[in-house]
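Q: Could you walk me through how helices, burial and contacts are read in a model such as this one?

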Amino acid sequence: MTTGTPPPTRPRRSRARTLLPLGIAAWLVLEIWLLTVVAGAANGFVVLLILVAGAVLGAAVIKRAGRRAFRNLTETLQRMPGQPGAPAGPAEAPAGSKGNGLLMLGGLLLMIPGIISDAAGLLLLLPPVRTLLGRLAERSLDRRMSSATPGGLSDAFQQARIHRPDGKVVQGEVIREDGAPARPRPDDGPGSDRPPLIP
């Protein structure tokens, strides 16, 4: 027996969702291959030393960046309007508050075992590299925000609800504001008196 509703179609996978697992797999294979090359050129002790040094340096960088971010947050909260001794104008970001996220990312990359991740983490420790990546990220975000269609958060939820493949329906009753009683629906049955949703 068939119904009049079409079968739900699976949403098309985005290119990022397809390529990301392949990129991660290729990165892991390359990391393992490089570690075996270094172990063959030197010895296993050198590889172990590189991995331990990267983990220790990464933990120190993350700890330092976390303390700096917490200190910047405290200073920003103290400069908020309404706080004692706060300036009358809008609160300014403390000096050195930018780049904490990229610094933490660099520390995390150093902690991940591997030579490529260690090299990327060391690059993120350099202030000019962090500044350049921060500007690129801001430009990309500005471009995406300017090309986004106008609408609020409720529009996003409405779109997500409309495009659900299962097509679930929530039963409810419409209450008219002018006080006129709503007409009974054919599926209500005789004498069906449903209470309103809002008291």
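A: Begin with α5, which is hardly covered, since the count of buried residues (under 20% relative accessible area, with exposed meaning over 50%, partly exposed in between, for a 1.4 Å probe and protein chains only) among its 21 residues is one. This is a predicted model, in which local features need pLDDT of at least 70 and side-chain atom pairs count only at pLDDT 80 or more, while totals for chains, interfaces and linings use all residues. Residues are numbered from 1 along each chain as its sequence is written, and side-chain values use heavy atoms, with hydrogens and water left out.

Q: What span should helix α5 have at 1.5 Å a residue?

A: The expected span is 1.5 Å times one less than the number of residues. For residues 127–147 of α5 that gives 30 Å, and the end C-alpha atoms are 30 Å apart, which agrees.

Q: Is E31 buried or exposed, and which residues is E31 in contact with?

A: E31, found in helix α1 (residues 15–41), is buried yet has no salt bridge (a side-chain nitrogen of Lys or Arg within 4 Å of a carboxyl oxygen of Asp or Glu). The nearest side chain of opposite charge, R130, is 19 Å away. Contact means heavy atoms within 4.5 Å, and, leaving aside neighbours within four places in sequence, E31 is in contact with G114, I115, I116 and S117.

Q: Where is P113 found?

A: P113 lies in the loop between α3 (100–111) and α4 (115–124), and P113 counts as exposed because its relative accessibility is 55%. Its C-alpha atom and that of I50, 63 residues apart along the chain, are separated by 8.8 Å.

Note on methods. Helix = DSSP H or I, 4+ residues; strand = E, 2+ residues; numbered from the N terminus. Lys, Arg positive; Asp, Glu negative; His and termini not counted.
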